[in-house]
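Open the model in a viewer and keep the selection tool at hand.

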Amino acid sequence: MTDAFRKAKDPVISVRNLHKWYSGVHALRGVSLDFERNEAVGLVGDNGAGKSTLISILSGLHAPDEGEVLVDGRPVRMKGPRDAMDQGIETIYQYNSMVPSMSIARNLFIGREPLKASFLGLGILDEARMRAESVAAIADVDLHLRSPDAMVGELSGGQRQGVAIARAMHFKSKVLILDEPTNHLSVKETNKVIGFVKSLAAQKVTGIFISHNMHHVFACCDRVVAMAQGRVVLDRRIGETSIEEVHEVL
Amino acid sequence: MRLLVKTFLQKPELAAVLLLVLLIVLFQVLSNGIFLSAANLRGVLGLLPEMALVAVGVTLLMICGEFDLSVGSVFALMPMSMAVLMAQGWPFLPSVLVGLMLCAAIGFANGWLTIRFAIPSFITTLGMLFMARSLTVVISGGFPPRLDLERIPEHLFVAFVGPGELIRASFLWFLGLALVVSLLLSRTNFGNWVRATGGFLPAANAMGIPTARVKIACFMICSLLAGFAGMIQVLRVGSPLPSMGEGMELAAVAAAVIGGTVLTGGIGSILGGIIGAVLIRVIDNGLVLSRVDSNWFKFAIGALTILAVVGNAWLRKRGRAMKVEG
Ligand SMILES: Nc1ncnc2c1ncn2[C@@H]1O[C@H](COP(=O)(O)OP(=O)(O)O)[C@@H](O)[C@H]1O
Ligand SMILES: [Mg+2]
């Protein structure tokens, strides 16, 4: 079962035989996958299938209990989200990774603040740069917001997701993971996210798109991976499968 | 109205400033002009740094999403340990340093226990409140040692300075420390992490912020400020009492809340905490001068705290209701 995945020639990320337990719950049971460079992969599966657990390992939030992660073919041990970010892996989390009580500009740079002067890692914020760069980053993802000083808590769900995407793109990621980014979004906002995932390849970014909605995945991905009960149960190129087939294995 | 709500929403301490101005005018009238006299101001400003320094630390910690109920006990323990050491012949400076190190250790313990065992800081620091108070009484041996004023650089802490001898040197310490903490919170990356940690912990963690260390640092700063404030009080009155600072933890929380800090973390400002502390001192002093039964003092502070929380919640609701164009 663990070998039923599509091997890639030049994978940007590979995982081999990943296992993860949450105090008794066996959330991942030997997951092996290759993520081809500049490919958009849709990750589907029922609630509790282990999708979020898999990406939390890729984004450095959790360590696997068994198995290994390779980035550009080299095994890596990530000790925290910063290690993943430093490897070029940006994640947009299912339960928003924004702080509502902080401004857009502040949110964009949490943990990666540009500093005017610093000593032992602590320093003075370069606020002018933060504001200017966040205006540019937001414009780059075609989002129109009044001011970088607006509180994130005042934004709509779609706008927040837009800011999260702008943040990920601003830090020039090579892999972008989106965990159910279309939940609670309007149809229009959802279409925008789907269009964005489609455009990733042109920007030389590998996308991992998690969704409940098979139509969304088939609309913007090159490949679909289905998970059930902590295992990969299907791994096909979009052209080689159908929504019905994926539904069948789930 | 929109503009007004918006302004108050962005600067919740503004409402407290407005109230402060109103109260000053009111007390000035009620006290027949004594309130703003040099002699009275000297009294108010002389006591202010003690309470306000504690409020600064508590405000910072609350913005980081945690509580410290042990500040009142640390306020007593630091000067008591210093006085005991000095009574044994230690010079002033080393005694102060040992006292401050003790504060840092207590702050570290508060933070480490809270995070390591995932217990609410309300409980950790409640325990520490009793332990630090008990230690204070134990090391005093029942007889609070008198400070040998000869060996204390009084001019550095309690001497009256400035125009008209209006303020004590301690006020300058307070201004300096408050400014440092305020800039730390608003202008540095550490401040950004504090707000993120208190504002939404999962997001802060996901963005790779060392939230445990950030929280422990805030606990330590809070304890250090409380201990330093206690020292200033003891240098002023000349002898540490084992009971000093009792009830201060709650007054400091009240000050922070009155100044617009939110109990759930993420929102608030150091300036707000200071204004809250000033309000409390002004009400205390103003009631006395206006010959109101001083037992109304706690009533007033309590009412003001509730009013501040209700008012801020209302403002936030109004703020959310306002359409924000994209
Ligand atoms: N932090 C956690 N603590 C304990 N159990 C968890 C935790 N996160 C996920 N799980 C469990 O692990 C399994 C996989 O969950 P998850 O990865 O969130 O699935 P998905 O994202 O596919 O819905 C579920 O049974 C879930 O209850
Ligand atoms: Mg999930």
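How do the residues of the shell around ligand 1 divide into nonpolar, polar and charged? They come to four nonpolar, five polar and two charged. Bear in mind that this is a predicted model.

**Stop 1: the shell.** Select ligand 1 and then the residues around it: A:Y22, A:V25, A:A27, A:D46, A:N47, A:G48, A:A49, A:G50, A:K51, A:S52 and A:T53.

**Stop 2: oxygen atoms of the ligand.** Next take A:S52, where a side-chain N or O atom lies 2.7 Å from a ligand 1 oxygen.

**Stop 3: the elements behind the shell.** Colour β2 (25-36) and α1 (51-58) of chain A, the elements that each supply two or more residues to the shell around ligand 1. The largest share, three residues, is from α1(A).

Stop 4: Select residues 41-64, 96-115, 122-143, 166-185, 216-238, 250-283 and 295-315 of chain B, which an unreviewed UniProt entry labels "transmembrane region". Within this set, look at residues 96-115 of chain B: the span is 100% helix and 0% strand, with its end C-alpha atoms 29 Å apart. Then move to residues 216-238 of chain B, which are 96% helix and 0% strand, and whose end C-alpha atoms lie 32 Å apart.

Methods: Residues numbered from 1 in each chain as written. Chains lettered and ligands numbered in written order. Predicted model: local features only at pLDDT ≥ 70, side-chain atom pairs only at ≥ 80, totals over all residues. Heavy atoms only, no water. Near = heavy atom within 4 Å. Polar contact = N/O pair within 3.5 Å; in protein donor to acceptor, adjacent residues only side chain to side chain. Helix = DSSP H or I, 4+ residues; strand = E, 2+ residues; numbered from the N terminus. Nonpolar A, V, L, I, M, F, W, Y, C, P; charged D, E, K, R; others polar. UniProt positions renumbered as here; feature names shortened; annotations may be inferred.
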